[in-house]
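Thank you all for coming; I would like to walk you through one structure this morning. Please have the sequence and the model open while I talk.

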Amino acid sequence: MAVAYDGGVVIGADSRTSTGVYISNRASDKVTAIDERIYVCRSGSAADTQAISDYVTYFLDSHKMEYGKAPKVETAANLFRELCYNNKNMLTAGILVAGWDEIKGGQVYSIPVGGALLERPAVRSEGRGSLVVDFGGYTGSPKAVALPFCRYIEGGSQQGNFLERGAYGEFSQ
């Protein structure tokens, strides 16, 4: 789940990895840093989502060296969309891209299986699909509302709170 608020983004994920009905790992890390202020929440095939995340990290590092400044969150989301859409017949990857940049502030993008790109104030991904959380049209939810939404996820959850001054993460059970 990812929620944009005034000043940043909160992103959270459960820590369980399953193979059918069998939980194969109770302590996996589904939140991945792509850049200093851009993170993704991965769902679907772990191998597919890790490979896509590695490619986007490489492309954004090259982008940062070429232009000399941090990439926009929208740029990262478009790279994920491009890779997911062009390989939709071979991948099972649902991705939430969340982060903060100087131009648009906190942003959340959902890329469901198939490679569509949807910008939303809050999204909860459920395996192969995603559910948009409606704040009643209020796009700048306060941090006090955003953080409990991400803590609601069942089991252990990983949260990252991404502000102008950087990022921090916590693990709670």
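This is a predicted model: local features need pLDDT of at least 70, side-chain atom pairs count only at pLDDT 80 or more; totals for chains, interfaces and linings use all residues.

K104, with a relative accessibility of 39%, counts as partly exposed, a label that covers whatever falls between buried, under 20% relative accessible area, and exposed, over 50%, using a 1.4 Å probe and protein chains only. The partner of K104 is E119, and the two form a salt bridge whose closest N and O atoms are 3.4 Å apart; by salt bridge I mean a side-chain nitrogen of Lys or Arg within 4 Å of a carboxyl oxygen of Asp or Glu. This pair links distant parts of the chain, since E119 sits in strand β9 (residues 118-119) and K104 in the loop between β7 and β8, 15 residues apart. E119 is partly exposed as well, at 40%.

Residues are numbered from 1 along each chain as its sequence is written, and side-chain values use heavy atoms, with hydrogens and water left out.

Side chains of opposite charge can pair when their charged atoms come close, and the structure holds three salt bridges. Another of them joins D35 to K64, with the closest N and O atoms 2.8 Å apart. Because D35 lies in strand β5 (residues 31-35) and K64 in helix α1, this pair ties together parts that are 29 residues apart in sequence; helices (H or I, at least four residues) and strands (E, at least two) are DSSP runs, numbered from the N terminus. D35 is buried, at 9% relative accessibility, while K64 is partly exposed, at 26%. There is also the pair of R81 and E82, at 3.0 Å between the closest N and O atoms, where R81 is partly exposed at 24% and E82 is partly exposed at 37%.

Which residues touch the most other members of the largest nonpolar core? They are I34, I52, V56, F80, I95 and V97, out of 18 residues in that core, a core being a set of buried Ala, Val, Leu, Ile, Met, Phe, Trp, Tyr and Cys residues joined through side-chain atoms within 4.5 Å. At least two residues each come from β6 (38-44), α1 (46-67), α2 (73-86), β7 (93-101) and β8 (105-111), and the largest share, six residues, comes from α2. Setting aside residues up to four places away in sequence, I52 touches F80, L83, C84, L91, A93 and I95, where contact means heavy atoms within 4.5 Å.

Leaving aside neighbours within four places in sequence, S53 is in contact with T32, I34, V40, R42 and F80.

Finally, the aromatic rings. The structure holds two aromatic pairs, meaning rings of Phe, Tyr and Trp (its six-membered ring) whose centres lie within 6.5 Å, with planes under 30 degrees apart called stacked, over 60 edge-to-face and the rest tilted. Y55 and F59 form a stacked pair, 6.4 Å centre to centre with 25° between the planes. Being four residues apart in helix α1, Y55 and F59 are separated by about one helical turn, and F59 is partly exposed, at 33%. Y55, Y58 and F59 form one aromatic cluster.
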